[in-house]
Amino acid sequence: MSGVERITAGAGTSTSAGTSYHAAGVDVAAGDRAVELMRGHVARATRPEVVGSLGGFAGLFALDTARYRRPLLASSTDGVGTKIALARALDTHDTVGIDLVAMVVDDLVVCGAEPLFLLDYIACGAVVPARIAEIVSGIAAGCEQAGAALVGGETAEHPGLMGSDDYDLAATGVGVVEADDVLGPERVQPGDVVVAMASSGIHSNGFSLVRHILFGPVDSGQPGGVPETAAAGLRAYVPSLGDTLGGSLLTPTRIYARDCLALAAAVEVHAFAHITGGGLAANIARVIPAGLVATLDRASWAVPEIFGLLAERGAVAQADMESTFNQGIGMVAVLPAGVVPEALALLAEREVPSWVVGKIAAAPGGTPAGREPGVGEPSADAAPRARLVGRHPG
């Protein structure tokens with residue numbers, strides 16, 4: 001079902017064998033209770049364009065087409081991944097809801113789209129109303145941060161296929177952008193500057209490696225598969241982090257959507273890149289056209305302590321750290337050099353730490369920007385479209 005009703009079927013439905021849905025492991029009454037507990041959270045995550053009340057079969061959104069010349073709808077879908085294992089191990093479930101929203105809306109804004117609304121999907125082995133409500137409270141909080149409405153969702157109970165403590169999250173978001181304002185590699189030019197925006201931590205990528213470093217083999221008898229000794233370590237305070245290890249790891253992903261939209265409204269922006277799986281260079285390369293290269297200077301920022309801790313404990317090589325984690329940069333903007341001071345000032349006002357991390361230039365031996373190589377010409381893809389140079393301070 002859609003809307004915020006997350007009931008999968010009627011309670012006590014009998015079969016010819018005389019059993020019931022409840023006997024098969026689906027607790028519809030718990031689903032009803034979960035919906036009631038989450039109503040207040042969902043009510044806060046709205047926009048004026050939302051039509052109808054809670055409990056419908058579909059979420060309705062009245063797009064005001066008069067506001068746009070040629071509106072394009074943008075869509076994105078994502079999940080949280082194995083970061084959920086930490087949430088389960090620590091019995092802390094609201095932060096991963098914020099992560100879920102961030103992974104969707106921060107992808108939407110890369111093309112310049114304003115996030116409009118989002119729908120979530122929660123799969124679980126058993127509906128625990130308080131836990132489902134806690135997850136949805138985080139999703140609603142993330143939507144509020146992004147300026148998007150939470151127009152619907154589904155909670156699916158999978159008894160026997162998932163453990164009673166298991167759950168997974170996914171969401172799909174929709175945004176809108178003027179056709180003339182779509183950002184991307186077509187706008188990027190030689191001489192452009194790359195401005196980095198600080199991450200809030202690990203965000204929601206690379207947690208399979210985090211698990212491997214910190215937890216060892218999966219213990220299927222423990223929440224999240226985290227062995228008891230490792231779970232105790234997650235609760236230990238780490239002075240260099242200024243937090244417990246688990247608290248630092250569960251820090252929610254920063255939501256950049258409104259900041260990026262404000263930046264694009266104030267200055268000329270050519271492209272954004274959301275730094276997720278693959279790391280800084282790989283994600284920036286996605287918005288660099290053929291014939292150009294982004295050179296990124298490690299000396300421009302100090303890598304946050306949490307990444308150093310993981311690298312040290314796991315003896316992880318720098319190349320592997322850089323291709324797995326964001327290393328302290330969660331979003332970048334590519335823009336003309338002349339607007340950089342204004343861009344940095346705006347981001348500072350919005351309390352987003354930012355700095356110049358690199359620049360765009362013609363790739364050595366590459367073809368001119370905007371033109372693919374002809375027969376007999378060297379390929380512009382023979383060299384990476386983004387590269388890291390230098391060393392981090394300290």
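Predicted model: local features only at pLDDT ≥ 70, side-chain atom pairs only at ≥ 80, totals over all residues.
Residues are numbered from 1 along each chain as its sequence is written, and side-chain values use heavy atoms, with hydrogens and water left out.

**View 1. The chain as a whole.** The protein chain holds 12 helices and 14 strands; these are DSSP runs numbered from the N terminus, with helices being H or I of at least four residues and strands E of at least two. Of its 394 residues, 49% are buried. Here buried means under 20% relative accessible area, exposed over 50%, and partly exposed in between, with a 1.4 Å probe and protein chains only. Among contacts with a separation of 6 or more, 83% join residues 24 or more positions apart; contact means heavy atoms within 4.5 Å.

View 2. In α5 (residues 207–214), Phe207, Val210, Arg211, Ile213 and Leu214 are buried. These residues lie on the same side of α5 because they cover an arc of only 165 degrees around the axis, the arc being that of the directions from the helix axis to the C-beta atoms. Ser208 and His212 are exposed on the face turned away from that buried side. The cover over the buried residues includes α2 (83–90), α6 (228–234), α7 (245–249) and α10 (305–314).

**View 3. Nonpolar cores.** The largest nonpolar core has 74 residues, and Met197, Leu249, Leu263, Phe272 and Leu335 have the most contacts inside it. Such a core is a set of buried Ala, Val, Leu, Ile, Met, Phe, Trp, Tyr and Cys residues joined through side-chain atoms within 4.5 Å.

**View 4. The largest pocket.** This pocket has a volume of about 310 Å³. Its lining has 16 residues, of which Gly112, Val177, Asp181, Leu261 and Ala264 lie nearest the centre. Both β6 (167–178) and α8 (257–266) supply at least two lining residues each. On a 1 Å grid over the protein atoms alone, a cavity is a set of points where a 1.4 Å probe fits but cannot get out, and a pocket is an open set with protein on both sides within 12 Å along at least five of seven lines; lining residues have an atom within 4 Å of a point. Grid points are joined across faces, edges and corners, and a volume is the space filled by probe spheres set on the points.

View 5. Two cavities of 30 Å³ or more turn up in a search of the whole structure.

View 6. Serine 76 sits in strand β3 (residues 71–79) and counts as buried because its relative accessibility is 12%. Its contacts include Val104, Asp107 and Ala171. Alanine 302 is in the loop between β11 (292–297) and α10, and is exposed, with a relative accessible area of 53%. From alanine 302 to glycine 328 the distance is 8.0 Å, C-alpha to C-alpha, with the two 26 residues apart in sequence.

How values were computed
Lists of a residue's contacts leave out its neighbours within four places in sequence.
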